[in-house]
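Biologist: I am new to this structure and would like to go through its side-chain contacts with you. Could you show it to me?

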Amino acid sequence: MKKLTFFSILLLLCHLSIAKPPTEFSRIDSHARETPTKYATNVEKLAAYLVKPAKNDFEKVRSFYVWMSENIAYDVELFRRYRPGSSLNITPEDVLKNRKAVCQGYADLFTALCNEVGITSHLVPGYSKGFANRNRTDFSTADHAWNAVKIEGKWYLLDATWGAGGLNDKMQYVASFNEKYFLSAPEEFVKDHMPLHPMWQLLDCPVSMKAFAKGEEAISRELSAKSKCADYARHIETIYQLEGAERTLKMATEAYAFNPDNHVEMARAYMDYAHSIMSKIARELKSREAIEQAIGAQEEALGYLHKADVVLQKVKDRSAEVEKDFLKKNIKHSESNLKSMRAVLNG
């Protein structure tokens, strides 16, 4: 997965009452599985071919899901050397060319295909309970990514990575189409997929991290016990009315409140927000007023960098060394800029 900033696709939201998604897809499945190789050379061409016989958006996303399960293999080598949170710099076109990916590559390709046909898809980063970590209790780092897709006004969840297959005990990829993770019921999906931000559980009563850590019985108890909760769809709509940097910080703050063990994600959000402030500072400060405004902005940005530093100091192992080093350099650079601007102002 690339550097997680809670992402920035603008979503158009509305509330519609619709029936459950269809369960019969044999016709569109056959079409997807029989796709000629010549149509899979780029995202635009592939999307156009895959949706040709689709009668609705359900069949379009089904075609994408099935084609990916048949044609994209899990990149075991990349998985072995990958450090959670680091940037992969792998595009959907790269995934098509190489025909392999880790979870973020699957999710990015699915979103790219959806974008081509006007369907809203959101990449959801989070924690998983899958191969070799079914009983995990440490949730200080996100390790997986999947999609939330909006069809006919309603959000659905799917995991194209796990839908394509998985790893065996010898760490070998085994392709095996899995129906379970296609437009799964949120109550089932949350049993092994926990998003960073609780609103992407698509549950009005989100399951707690504590219950997720304990397992399915604890999750089921929470789901049955809650009676008065929030409207997740309305919350998504409210969040996406905010601008990019402000939205990122708001989502990160809520995600950190939900799971205070993941310090790195909160620190990254503070750093991103500081960067957004500094990016608005004019390069040429030609008046006293401009210098004063720049100093104010730099002071505000530096404040967020110090907040990031406080959060990162809570990480006691070496998992955040890259972020700590990057932050240290940014604080030093910001303090130097601030000192220079003050000198010009007072000179």
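Modeller: Let us begin with a term: buried means under 20% relative accessible area, exposed means over 50%, and partly exposed lies in between (1.4 Å probe, protein chains only). This is a predicted model, in which local features need pLDDT of at least 70 and side-chain atom pairs count only at pLDDT 80 or more, while totals for chains, interfaces and linings use all residues. Residues are numbered from 1 along each chain as its sequence is written, and side-chain values use heavy atoms, with hydrogens and water left out.

Biologist: Is Phe110 buried or exposed?

Modeller: Phe110 counts as buried, at 0% relative accessibility. Phe64 is buried too, with a relative accessible area of 0%.

Biologist: How many aromatic pairs are there?

Modeller: The count comes to 15 aromatic pairs. Rings of Phe, Tyr and Trp (its six-membered ring) pair if their centres lie within 6.5 Å; planes under 30 degrees apart count as stacked, over 60 as edge-to-face and the rest as tilted.

Biologist: What kind of pair do Phe64 and Phe110 make?

Modeller: Their ring centres are 6.3 Å apart and the planes stand at 80°, so Phe64 and Phe110 form an edge-to-face pair. Phe64 belongs to helix H3 (residues 57-71) and Phe110 to helix H6 (residues 103-116), so the pair ties together parts 46 residues apart in sequence. Helices (H or I, at least four residues) and strands (E, at least two) are DSSP runs, numbered from the N terminus.

Biologist: And why is the pair of Tyr270 and Tyr304 called tilted?

Modeller: The planes of Tyr270 and Tyr304 are at 40°, with the ring centres 6.1 Å apart, so that pair is tilted. Tyr270 is in helix H13 (residues 263-278) and Tyr304 in helix H14 (residues 288-312), so parts 34 residues apart in sequence are tied together. Both Tyr270 and Tyr304 are buried.

Biologist: Which residues form an aromatic cluster?

Modeller: Phe25, Tyr65, Phe177 and Phe182 form one. The charged end of Arg62 sits over the ring of Phe182, 5.0 Å from its centre; this requires CZ of Arg or NZ of Lys within 6 Å of the ring centre and within 35 degrees of the ring normal. Arg62 is also linked with Asp29 and Glu179 in a network of salt bridges.

Biologist: What counts as a salt bridge, and how many are there?

Modeller: A salt bridge is a side-chain nitrogen of Lys or Arg within 4 Å of a carboxyl oxygen of Asp or Glu. The count comes to 15 salt bridges.

Biologist: Back to H13, please. How many of its residues are buried?

Modeller: In H13, 14 of the 16 residues are buried, so the helix is largely enclosed by the rest of the structure.

Biologist: Which salt bridges does Arg268 form?

Modeller: One is with Glu265, the closest N and O atoms being 3.1 Å apart. Arg268 and Glu265 both lie in H13, 3 residues apart, about one turn of the helix. Arg268 also meets Glu323 in a salt bridge, at 2.6 Å from N to O. Glu323 lies in helix H15 (residues 321-346) and Arg268 in H13, so this pair ties together parts 55 residues apart in sequence. Arg268 is buried, with a relative accessible area of 5%, and Glu323 counts as buried at 7%.

Biologist: What about Arg136 and Asp143?

Modeller: They form a salt bridge, with the closest N and O atoms 2.9 Å apart. Arg136 is buried, at a relative accessible area of 15%, whereas Asp143 counts as partly exposed at 28%.
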